[in-house]
Amino acid sequence: MATFLESPPMGFLQATEAVARLTPAKLEILALQVCKFLLQRTGSLSLEELAAKSSKSFEERETRSMGPSALLDARQAVTALTFIFRDAARAEASPEMMSVALMAASHLSPESCACITKVYRSKHPLLVGADRVKAVLSMGKLIGMDWKLSVATESCECSKMKAPVVVLRFRVADASGQAEAHSVELTVSEFEDFAAKVNEMSAVMETL
């Protein structure tokens, strides 16, 4: 049987911290949503869409409105749970293996680990089925990208309106060849950080 959660991606521990901030009830709901999404979709995962739908779980207590920090937490939590369930499906991990691996590879509390394991146990037969593993692990192919510089008129990411933003539009084809478009809005500082990471990846690839 393949190893499970032995080589998590960079940023995984930080993402699990967002998971840890959820109450057990909200964590179970979000974990079920991620599993449902994985089982129903093929190709690239629209994590932004799922995170936006899930961000109400991270609403700020004082304002009771969805702020940038809530959406960021939602993105990180969805990303962490998606990796956990996809890696479990790839390794065909048992629920018992899930519990042990989570405790060893993350900073999650025993309660959070138990909650994720509970959801995985309920979806285990579907996630590790031969046809489902292929669907869960299928990756989209980037077939195009457009960008434009715009001015924010309404955005949860920008505290000041009329601030310049960069809108990236990715076109991704799933396993069946069907194309989908996914748009991301970035502030100038966020885009500069994104560009720096792309340049870093390009430099690493040149050494291969």
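Trainee: How many disulfides does the count come to?

Mentor: Please keep in mind that this is a predicted model. The count comes to zero disulfides, where a disulfide is a pair of cysteine sulfur atoms within 2.5 Å.

Trainee: Is C113 buried or exposed?

Mentor: C113 is buried, because its relative accessible area is 1% and the cut-off for buried is under 20%.

Trainee: And C115, buried or exposed?

Mentor: C115 has a relative accessibility of 8%, so it counts as buried as well.

Trainee: Let us step back. How many helices and strands are in the chain?

Mentor: The chain has eight helices and three strands. Read from the N terminus, the order of the elements is α-α-α-α-α-α-α-β-β-β-α.

Trainee: What percentage of the residues is buried?

Mentor: Of the 208 residues in the chain, 40% are buried.

Trainee: And what share of the contacts joins residues 24 or more positions apart?

Mentor: Taking the contacts with a separation of 6 or more, 64% are between residues 24 or more positions apart.

Trainee: Now the helices. At what angle do α2 and α6 cross?

Mentor: Helix α2 covers residues 24–40 and helix α6 covers residues 110–127; their axes cross at roughly 25° and come within 9 Å. Angles under 35 degrees count as roughly parallel, so α2 is roughly parallel to α6. The crossing of these two helices is right-handed.

Trainee: Which residues of α2 and α6 meet?

Mentor: On the α2 side they are P24, L27, E28, A31, L32, C35 and L39. On the α6 side they are S112, C115, I116, K118, V119, S122, K123, L126 and L127. By kind, the residues of this contact are eleven nonpolar, two polar and three charged.

Trainee: I would like to look at L27. Is it buried or exposed?

Mentor: L27, which lies in helix α2, is buried, because its relative accessible area is 0%.

Trainee: What does L27 touch, leaving out residues up to four places away in sequence?

Mentor: L27 touches V19, L22, L81, S112, C115 and I116.

Trainee: What about L127, buried or exposed?

Mentor: L127 belongs to helix α6, and it counts as buried because its relative accessibility is 0%.

Trainee: How far is the C-alpha atom of L127 from that of F85?

Mentor: The two C-alpha atoms are separated by 8.1 Å, while the residues are 42 apart along the chain.

Trainee: One more helix pair. At what angle do α5 and α6 pack?

Mentor: Helix α5, residues 95–105, packs on α6 at about 155°, with the axes 9 Å apart. Angles over 145 degrees count as roughly antiparallel, so α5 is roughly antiparallel to α6. This crossing, of α5 and α6, is right-handed.

Trainee: Which residues are involved where α5 meets α6?

Mentor: From α5 the residues are P95, E96, M98, S99, L102 and M103. From α6 they are P110, C113, I116, T117, Y120, R121 and H124. The residues of this contact divide into eight nonpolar, three polar and two charged.

How values were computed:
Residues are numbered from 1 along each chain as its sequence is written. This is a predicted model: local features need pLDDT of at least 70, side-chain atom pairs count only at pLDDT 80 or more; totals for chains, interfaces and linings use all residues. Side-chain values use heavy atoms; hydrogens and water are left out. Axes are lines fitted to C-alpha atoms, for helices over the stretch in contact, and angles run from 0 to 180 degrees between N-to-C directions. Helices (H or I, at least four residues) and strands (E, at least two) are DSSP runs, numbered from the N terminus. Angles under 35 degrees count as roughly parallel, over 145 as roughly antiparallel, 65 to 115 as roughly perpendicular and the rest as oblique. A crossing is left-handed if the near helix is turned anticlockwise from the far one by less than a right angle, and right-handed if clockwise. Contact means heavy atoms within 4.5 Å. Ala, Val, Leu, Ile, Met, Phe, Trp, Tyr, Cys and Pro count as nonpolar, Asp, Glu, Lys and Arg as charged, and the others, Gly among them, as polar. Buried means under 20% relative accessible area, exposed over 50%, partly exposed in between (1.4 Å probe, protein chains only).
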